[in-house]
Amino acid sequence: MRTEPSELLLIHAAELATCAPEGVPPGPRRGTDLGRVGIIPDGAIACAHGRIVDIGPTREVLSREPRGCPEIIDASGKTVLPGFVDAHTHLVFAGTRHEEHIMRIQGAKYLDILSAGGGIISTVEATRKASFEDLQATATKRLDTVLLHGTTTLEAKSGYGLDLTSELKQLEVLRAASCKHPVEVVSTLLAAHAVPPEFEGDVEGYLDFIIREVLPAVASRRLAEFCDVFCEEGVFSTQQAERLLLAAQRLGLRSKLHADEINPIGGAELAASLGAVSADHLAAASRTGMDRLAEAGVVAVLLPATMFTLMSDRYADARGMIDRGVAVALATDFNPGTSPVPSMQFVLTLACLEMKMTPAEAVSAATVNAAWAIGRGDRAGSLSPGRPADFIVVDVPALDALPFQIGVNCVTDVVKGGRVVVKDGRRVGSAPSGDRAF
């Protein structure tokens, strides 16, 4: 029996989805377990020292709660779930690429735009020119936006520098922005996002440069946890991706892959053979690739907003992956060109309408499985006593209604580490100290 009152108490949630149902083993959710989200009707959460100290039906939690809690959130008529975990973003960049949308409307394809010097390369030029201060200011604004839409943890990649100075600049911006913002940022090196102009026609030379200069600098400064590579026809082959990722692993950077986004070139199979933490995109993944991901326990991070923006009629085969036992996660792929989408709520909508996931499956994929896809499964994506108090309140009467409030931000309140950081749809509270307690 607790003797000290909670510091924060949420009560009377119409539905409280813990994403930690009884009887489901820890780890990424697979198969039918993906749709089990642990709904508690009339739910309540008690928080102290940044963590959950009690969770359950409101009547039971209140019966165990000492009097005197200083802050109470009444979630009557609303749904509560873990803060979204966005497992794939490109947060730091300069410039805009709105003209590419016009080109796509007129029939241009992604690889056509890239080969013509647009796409990633145009963003590289703007990002190289931008100051650290300007990049940090825009990154912080973007973190405010994703927080207001319910994201409390995200992964963010470099990849718009493609030289040593600019890649380090992007990762330093991520470190600085995270220290001053409630959203926890997990950093990934993506120097192999494209081949920069100074290495045009010399892909192997550029890979040598990354392995010789960029990887050691990033690892020695501990600026990233993961190394990623855009494994695609016309960019980096599976053999080239393997060489880079093995070199990164030797320096302690875990593997991720942009895999089989447009063409089925074996990216999923490579991710499985390398023991990658995740393989992302996968709109063109083969059945064999899906089976290998399931066998290896690699999380498949699906990015439906990208296919929506590219006006593609081919989305990742979420149902096929779930049926094969692949752990499926969701993310925005937030970036300036192919997915200018900061809202995980919109991603849930696309997951349901275009990939035929159920709302419960989509929520699990956007929380607990996404957390495992970025190495945060022990601290984010689900709600239970002892875990960090990261949760959101959404103005819908039931979890199943959330994906179908299209084009509306339904998040009213966000709690991160036991602190209210969004209240009634507005950013509140001071910046954290930078020393996270979890």
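Helices (H or I, at least four residues) and strands (E, at least two) are taken as DSSP runs and are numbered from the N terminus. The structure is a predicted model, in which local features need pLDDT of at least 70 and side-chain atom pairs count only at pLDDT 80 or more, whereas totals for chains, interfaces and linings use all residues. Residues are numbered from 1 along each chain as its sequence is written, and side-chain values use heavy atoms, with hydrogens and water left out.

Two residues other than glycine have a positive phi and can be described side by side. Cys19, in the loop between β1 (8–17) and β2 (39–48), has a phi near 55 degrees, a positive value in a residue that is not glycine. Cys19 is buried, with a relative accessible area of 1%, where buried means under 20% relative accessible area, exposed over 50% and partly exposed in between, with a 1.4 Å probe and protein chains only. Asp424, which is not a glycine either, has a positive phi of about 50 degrees; Asp424 is found in the loop between β16 (419–423) and β17 (426–427) and is exposed, with a relative accessible area of 58%.

Aromatic contacts were then examined, with rings of Phe, Tyr and Trp (its six-membered ring) paired if their centres lie within 6.5 Å, and with planes under 30 degrees apart counted as stacked, over 60 as edge-to-face and the rest as tilted. A search of the whole structure finds 6 such aromatic pairs. In one of them, the ring centres of Phe93 and Tyr160 are 6.3 Å apart and the planes stand at 80 degrees, so the pair is edge-to-face. Because Phe93 lies in the loop between β6 (84–86) and α2 (98–105) and Tyr160 in the loop between β7 (151–157) and α6 (164–179), this pair ties together parts that are 67 residues apart in sequence. Both Phe93 and Tyr160 are buried. The rings of Phe93 and Phe334 have centres 5.9 Å apart and planes at 55 degrees, so this second pair is tilted. Phe334 is buried, as is Phe93, and Phe93, Tyr160 and Phe334 form one aromatic cluster.

A charge is taken to sit over a ring if NZ of Lys or CZ of Arg is within 6 Å of the ring centre and within 35 degrees of the ring normal. Arg142 lies over the face of Phe93, at 3.6 Å from the ring centre, and Lys256 lies over the face of Phe226, at 5.0 Å from the ring centre.

In helix α4 (residues 120–129), the buried residues are Ile120, Ile121, Thr123, Val124 and Thr127. Seen down the axis of α4, these buried residues fall within an arc of 155 degrees, so they line one face of the helix; the arc is that of the directions from the helix axis to the C-beta atoms.

Strand β5 (residues 79–82) contains Leu81, which counts as buried at 0% relative accessibility. The C-alpha atoms of Leu81 and Gln240, which are 159 residues apart along the chain, are separated by 41 Å.
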